[in-house]
Amino acid sequence: MDRLPKWADILLIPAINLLLALLVSGLVIALIGENPFQAMRIMINGAVGSAYGWGYTLYYATNFIFTGLAVAVAFHARLFNIGGEGQATLGGLGVALVCMMLPWPHWSLALPAAIIGGALFGAAWAAIPAYLQAKRGSHIVITTIMFNFIASALLVYLLVNVLKVPGSMAPETPRFPEGARLPSAFEFAGWLGFTRSAPLNVAFFVAILCCIGVYYLIWRTRLGYEIRAYGWSQPAAVYAGISPYKIIMVSMLISGGLAGLMAVNAVQGEAERLVIDSVQGAGFVGIAVALMGRSHPLGVFLAALLFGMLYQGGAELEFEIPAITKEMVVVIQSLVILFTGALDNMVRLPVERMFLRIGPGKDA
């Protein structure tokens, strides 16, 4: 055996990373005098123990699917798009403008228009760093980080000076017209026990369609083959006639568009208006989701579900055990991101050595 089995790469290493993250999180909880097993029970029960918990878990997972897919597409071209936060922020602006533009008669008409608006604004925000990388050699990590801050400042300016309700002090747009409101889980799956408070909405199905679309694009089209070929070996791809400019621009436009689609869930589906910080860090979580999901749409879906459980379970933990503050919950979530993302090689290298040692032919 000269390489790690695929099942070990996809399942074993993420499982060990997650186990280590939970172990360290348990130690942190024990150090403040709380029972880590009780905390784990509350987290799991809060995330998936009721229809209420599932409503929030799947809502958060929908956000992470969009941002995880965005990072994954760029990964395939070996581009590290850290700008999901800013692209999703501008996507929210696109969705809000579309929703406020017309008195939409029905959500089935408003949804496709909002999808186009969010994707276009997200893609446009990614186009500038992509152009700078393709034409000027600017590092995509640096430029996309800078554009996150610019997007945040731009949105604050627009909400405070241009888009807010006249006479109101709240930096937010007016509520969208009733015809632009997306059906919630209570309306299309109330028979499963979802209540009106569940933020899950039909954008979840849009996210699933995006998973299928990204899989088809990356593994079933010529463009996807060119993106993967460029990601594996840039000199070989150029020798084969693949244009680096085209791949960088197209990959980042698709990536930015997917990040912008997050606003369909958070802005149109949940808040029903544009507010400051509607993204709430989902752009950065998407990086960990893509890493943990090995940039495969199915892996991204499962990793997003896990992070959705962590977010909802963390909120319940903060409520049930006052000693565990919001900052502690962020620490637990960060540990999972740290172990599944930045410290991946800490587990991968020993596991690879173990499989090489026990592989066929080693005993001969």
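I began with Ser295, which sits in the loop between helix 13 (282-292) and helix 14 (297-320), where helices are DSSP runs of H or I with at least four residues, numbered from the N terminus. I noted that the model is predicted, that local features need pLDDT of at least 70 and side-chain atom pairs count only at pLDDT 80 or more, while totals for chains, interfaces and linings use all residues. Residues are numbered from 1 along each chain as its sequence is written, and side-chain values use heavy atoms, with hydrogens and water left out.

I looked up the backbone of Ser295 and found phi near 60°, a positive value in a residue other than glycine. Ser295 is buried, with a relative accessible area of 11% (buried means under 20%, exposed over 50%, partly exposed in between, with a 1.4 Å probe and protein chains only).

I then turned to Arg78, in the loop between helix 3 and helix 4 (84-101), which also has a positive phi of about 60° without being a glycine. Is Arg78 buried or exposed? Arg78 is exposed, at 55% relative accessible area.

Next I checked the largest nonpolar core, which has 95 residues, and Phe64, Leu69, Leu258, Val289, Phe307, Leu317 and Ile324 touch the most other members. Such a core is a set of buried Ala, Val, Leu, Ile, Met, Phe, Trp, Tyr and Cys residues joined through side-chain atoms within 4.5 Å. Helix 3 (residues 51-76) gives the most to this core, with 12 residues.

Last, I looked at Leu120, which lies in helix 5 and counts as exposed at 54% relative accessibility.

Conventions:
Helix = DSSP H or I, 4+ residues; strand = E, 2+ residues; numbered from the N terminus.
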